[in-house]
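Here are some notes for a first reading of the model. Please keep the structure open beside them.

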Amino acid sequence: TGNPDLFGMAQPSLLVLDLDDCVWSPEMYTLRHEPGPEDVVMGELVGGGHGVVAVRSGRELIRIFPGAMAGIQRVLAGEYGDMKMAAASTADTPQAVRIARAAMALLEVQPGITLLEAFRSAGGGCGDSDPNLLIGRDGPLSSNKAKSHFPILRETLGIEFEQMLFFDAVSYTHLRAHETPEHLVCRLLLEKKKTLRCYRACLPIYKHLNLSG
């Protein structure tokens, strides 16, 4: 349901987010220390309220981009109906995966609501065992999301590719189709080192998900 966008697509059923340089910074493979509760940094969250704005990994701080946080807040507020969220990340190493999962369980998008809880609850959630959190490239996952992450999401969540909107991070800003074996995923490629301005530039193209903050 929902109003069609510029390409005639209905509002997606699943928002799929890359993590590194798309939802947060820095990239997990550059880090060496898995953060814990003692590493949280408190401050003012986007949209107001006091919460965990960063977590330390050694000398580095992991932070959620303002535009990404604002968009996730809107999803949680129900502005896009029962749209769910998923993560599709090819974290380079097992250590990067552990750091990512630890950070996700600590960083907050709203006071008292972690990024992990946001993924688990958006649109009613995706069930036990976090089938919507595909992070890494081991086991059934690989460095090719089109051949691993996306087919797994379709199979486990029962959502077809054409009902997914994928935000990825590359060195330029462009809207294109992410090729899969049988279908297409609408893919927004966001400029590395995301700024609020970048989200504002991208999202008017896709009216349903204004991550501008």
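1. Rings of Phe, Tyr and Trp (its six-membered ring) are paired if their centres lie within 6.5 Å; planes under 30 degrees apart are called stacked, those over 60 edge-to-face, and the rest tilted. This rule gives 1 aromatic pair. Its members are Phe150 and Phe166, placed edge-to-face with 5.0 Å centre to centre and 75 degrees between the planes. The pair links distant parts of the chain, 16 residues apart: Phe150 belongs to helix α4 and Phe166 to strand β10 (residues 164-170).

2. This is a predicted model, in which local features need pLDDT of at least 70 and side-chain atom pairs pLDDT 80 or more, while totals for chains, interfaces and linings use all residues. Residues are numbered from 1 along each chain as its sequence is written, and side-chain values use heavy atoms, leaving out hydrogens and water.

3. Helices (H or I, at least four residues) and strands (E, at least two) are DSSP runs, numbered from the N terminus. Buried means under 20% relative accessible area, with a 1.4 Å probe and protein chains only. Phe150 counts as buried because its relative accessibility is 0%. Phe166 is also buried, at 0%. In helix α4 (residues 149-157), the buried residues include His149, Pro151 and Leu157. Just after α4, Gly158 has a positive phi of about 70 degrees.

4. Two strands pair if DSSP finds at least two bridges between them. An open sheet of 4 strands runs in the order β2-β5-β4-β3, with antiparallel pairing. Its edge strands, β2 (24-25) and β3 (40-44), each pair on one side only.

5. Strands β4 (residues 50-57) and β5 (residues 60-64) are antiparallel and joined by 4 bridges. Arg56 has Leu61 in β5 as its bridge partner.

Technical notes
Buried < 20%, exposed > 50% of the residue type's maximum accessible area, 1.4 Å probe, protein only.
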